[in-house]
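Hi,

Here is the structure I promised to pass on.

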Amino acid sequence: MTDLRGDLVRIDRERLWDTLMELKEIGAYDDEATGLRGVRRLALTDADAEARRRCVAWMVEAGLEVRVDRIGNVYATRPGRDRSLPCVLMGSHIDTVATGGAFDGTLGVLGGIEVMRALNDAGIETLRDVEVAFFTEEEGVRFGTDMLGSAVTAGRIPLDHAHKLTDAEGKTVEEELVRIGFDGPEPELRPVPYAYIECHIEQGPILADAGVDIGIVEGVQSISWQRLTIHGEAAHAGTTPIVSRHDAGLVAASVVVELRRMCDSGDFGQLRATVGSFDIGEGQTNVIPQRAVITIDLRNPDDTLMSAAERHLAAYVAELATQHGVEVAWERMAKTAMVPFDRGIQEVLSTTADDLGLPYVRAMSGAGHDAQEIAATCPTAMVFVAGEHGGISHTPREYSDPAACGNGTDVLANAVLRLANQP
Ligand code: HGY
Ligand code: MN
Ligand code: MN
């Protein structure tokens with residue numbers, strides 16, 4: 001329905017919330033650690049496929065033209081008056097981490113579909129086409145590199161390379177796209193949009209600390225993902241003298257401790273480091289670990305300090321290898337620079353929030369998003385929505401209330417509407 005104060009449109013908050021609550025049941029699981037229902041919907045699994053089909057059904061019900069590209073990205077178009085003009089694109093992702101919540105990514109996709117319904121309800125015809133998308137494997141948890149689908153459509157990752165990526169069982173992206181029926185015919189390098197806006201939960205404490213629902217996002221910090229494999233030597237835990245050990249587990253653990261020291265030191269700015277995966281091989285109580293494999297996730301808003309951190313880490317590990325007589329192998333999984341968002345699009349978002357009477361703060365994104373990839377192709381920005389429990393995310397405790405989700409999606413709707421009527 002159209003707002004009484006003129007050109008503002010309002011989404012149907014109940015309808016949006018119902019779709020969020022319905023989608024979170026696809027891939028739902030009982031999380032022991034929290035006692036809550038979590039969401040486990042890794043990219044291209046059966047759960048992801050079912051969620052994809054459900055979103056496509058909602059898109060078709062809203063009268064949208066749906067297409068699928070060769071990396072499985074799905075686009076749904078609401079035609080405008082002049083179809084020769086580049087579209088305004090909204091979107092995000094519906095794949096989750098293995099211990100996910102109900103809002104990461106899904107708010108931007110279901111919010112975009114709700115924007116389309118609200119435009120239909122208000123009988124609004126836009127000048128430009130408006131599209132909503134969900135991108136493949138944004139999380140990177142299954143196939144090892146994040147923002148995969150959006151990086152392919154932005155031309156950063158070649159389709160062929162993406163198709164060949166494998167999961168822990170050796171299944172390729174291409175095989176899984178075919179298996180779930182989302183190996184679309186559309187070229188992955190899509191027509192360049194006029195603008196892209198992504199609505200997403202903040203996944204951190206900034207908005208909650210400021211007591212606001214809305215964040216205007218200024219950019220995304222740099223991301224570095226590496227896998228480190230350490231080959232030592234198995235030996236008896238009791239008989240082997242300390243000085244003659246080649247303990248892969250000790251080297252891996254030393255890296256974890258050094259990463260935290262690097263963050264605490266301040267020598268690398270606002271560096272954040274995480275070893276999220278720590279594989280110690282057979283895991284035998286009385287055997288010195290022969291092999292350890294860890295993943296290292298670094299984040300930094302400053303590219304120069306990110307590179308300095310990577311160099312320091314490489315030198316530290318090389319020294320450890322010599323000291324402990326182990327072999328090390330590095331594998332690059334992902335690397336993206338800090339991405340600033342378009343000031344013009346940020347301006348449309350902030351004036352829209354003002355017109356809606358919604359207080360906001362400006363913030364850099366701590367998390368990676370599809371928007372950072374699409375920003376390479378067209379003017380792009382994001383609107384953040386506050387989360388409860390300090391904005392905690394990538395856990396079933398992730399929660400944003402109906403009012404915050406509705407406010408964020410109203411900002412999305414009206415910013416998209418303004419852009420879609422720009423000649
Ligand atoms: O890793 C990230 O920041 C995002 O959740 N994919
Ligand atoms: Mn996300
Ligand atoms: Mn995420």
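One term before the metals: donors are N, O and S atoms within 2.8 Å of the metal (3.2 Å for Na, K and Ca), and water is not among the atoms, so sites may look incomplete.

Some housekeeping: this is a predicted model, where local features need pLDDT of at least 70 and side-chain atom pairs count only at pLDDT 80 or more, while totals for chains, interfaces and linings use all residues. Residues are numbered from 1 along each chain as its sequence is written, chains are lettered from A and ligands numbered from 1 in the order in which they are written, and side-chain values use heavy atoms, with hydrogens and water left out.

Now the metals. The manganese ion (ligand 3) sits 3.5 Å from the manganese ion (ligand 2), and D104 coordinates both.

(Helices are DSSP runs of H or I, at least four residues, and strands runs of E, at least two, numbered from the N terminus.) E139 is buried at 7% relative accessible area, whereas H394 is partly exposed at 36%. Buried means under 20%, exposed over 50%, partly exposed in between (1.4 Å probe, protein chains only).

Then there's G408, in helix α12 and buried at 0%. Leaving aside neighbours within four places in sequence, G408 is in contact (heavy atoms within 4.5 Å) with C199, I214, V383 and V385.

Cheers
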